[in-house]
Amino acid sequence: MSEPISALAGKNAEGFARVSEAGLQGMITLRGNLASAALAAAVKAATGCALPGNRGIHTKAGKAAAWMSPDELLLLVPYGEAEATAAALEAALAGEHALAANVSDARALFRVSGAKADQVAMKLCPVDFARLPQGEIRRTRAAQVAAALWRSAPDEISLVCFRSVAGYVFDLLAISARTGSELAPA
Amino acid sequence: MLTLTCPCCGVAAEETELAPGGEAHLKRFGPGASDEDFEGYLFARKNPKGVHFERWRHAMGCGKWFLAARCTATLEVFGTYKAQSPEPPPEIIAAIKARRPDWKGYS
Ligand SMILES: [Zn+2]
């Protein structure tokens, strides 16, 4: 057995906000008919969360269900449970037009925390952060690459990107968070 | 800067989150078509100065295709609508006519 390791093994940077690679995170892509009752039930069983509406993210006891597109969800579960959860989803949705894939090792997760965490992301993403409430996930770009982000706590933004660009995204966030580069110094 | 509201996810996405897909509502001519029709399908575009219907993809967002009506001269956006529309829907036509009373209509 090989030892699982996250993209940047928990790398950190400290500036006017703190940037951390969040380590191993189970992530499952679920595609299918979001109007299907069987799919909603399978999501509930896998995460404990009700099916999120457009752009919604529901969180419960360390798990989450996030709306990615009209036919796609991203489910967050502990890393060690992802394989079994994906298999359980596949079994629960047998006969449905649906696909569950464990993409944990294909993604990277970052947390940006601090009172000015917004400003770190604001410099990189064409998103109106003043109108991004908690409970909403926003797919967008971070500079040149695709990303999805949400408010995971009052002063914290979580950001998911592809693992292959994790180094690039970490550098973006770390440079954007450099002390002295605040957008509106207090 | 162009901002289009994606009808699939509802995000008001600015241009850099979108990928352009050219003119909307093209009629496809494939196998069995005449050379003239096939050439027209591949190359002939309206390219108007004014009201235009376009395909866009929310590439850095929900990933879905949608259609948009806008003015090529002013960048004014009249509306966006589902990619599965064979022609501009009545509310889009009405929105255009409200802003461009002398527009000749979709053809
Ligand atoms: Zn969209």
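Biologist: Which side chain of chain A meets B:Lys64 in a salt bridge?
Modeller: In this predicted model, side-chain atom pairs count only at pLDDT 80 or more, local features need pLDDT of at least 70, totals for chains, interfaces and linings use all residues, and side-chain values use heavy atoms, without hydrogens and water. Residues are numbered from 1 along each chain as its sequence is written, while chains are lettered from A and ligands numbered from 1 in the order in which they are written. A salt bridge here is a side-chain nitrogen of Lys or Arg within 4 Å of a carboxyl oxygen of Asp or Glu. At 2.9 Å, N to O, the partner of B:Lys64 is A:Asp71.

Biologist: How many residues apart in sequence are the parts that A:Arg31 and A:Asp71 tie together?
Modeller: A:Asp71 also forms a salt bridge with A:Arg31, with the closest N and O atoms 2.9 Å apart. A:Arg31 belongs to strand β3 (26-31) of chain A and A:Asp71 to the loop between β5 and β6 (72-77), so the parts they tie together lie apart in sequence by 40 residues.

Biologist: Which strand gives the most residues to the side of chain A that touches chain B?
Modeller: The rule finds 7 residue pairs in polar contact across this interface, both at pLDDT 80 or more. On the side of chain A, β5 (63-69), β9 (137-142) and β10 (145-153) each supply at least two residues; strands are DSSP runs of E, at least two residues, and helices runs of H or I, at least four, numbered from the N terminus. With 4 residues, the strand that gives the most is β9(A).

Biologist: What area is buried between chain A and chain B?
Modeller: Contact (heavy atoms within 4.5 Å) involves 16 residues of chain A and 12 residues of chain B. A:Arg55, A:Arg138 and A:Arg141 lose the most area of chain A to chain B, together 37% of what that side buries. Buried area is the accessible area (1.4 Å probe) lost on putting two parts together, summed over both. Carbon and sulfur atoms give 50% of the total, which is about 1,100 Å².

Biologist: What is the arrangement of the 4 donor atoms around the zinc ion?
Modeller: The zinc ion is coordinated at 2.1 to 2.4 Å by B:Cys6 (SG), B:Cys9 (SG), B:His58 (ND1) and B:Cys62 (SG). Four donors count as tetrahedral if all angles lie between 85 and 135 degrees. Here the angles are 98 to 116°, so the arrangement is tetrahedral.

Biologist: How many residues apart in sequence are the parts tied together by B:Cys9 and B:Cys62?
Modeller: The donors follow the spacing C-x2-C-x48-H-x3-C along the chain. B:Cys9 is in the loop between β1 (3-5) and β2 (12-14) of chain B and B:Cys62 in the loop between β4 (51-57) and β5 (65-71), so the parts are separated in sequence by 53 residues.

Conventions:
Polar contact = N/O pair within 3.5 Å; in protein donor to acceptor, adjacent residues only side chain to side chain. Donors = N, O, S within 2.8 Å, 3.2 Å for Na, K, Ca; no water. Tetrahedral: all angles 85-135°; square planar, octahedral: opposite > 155°, others 65-115°.
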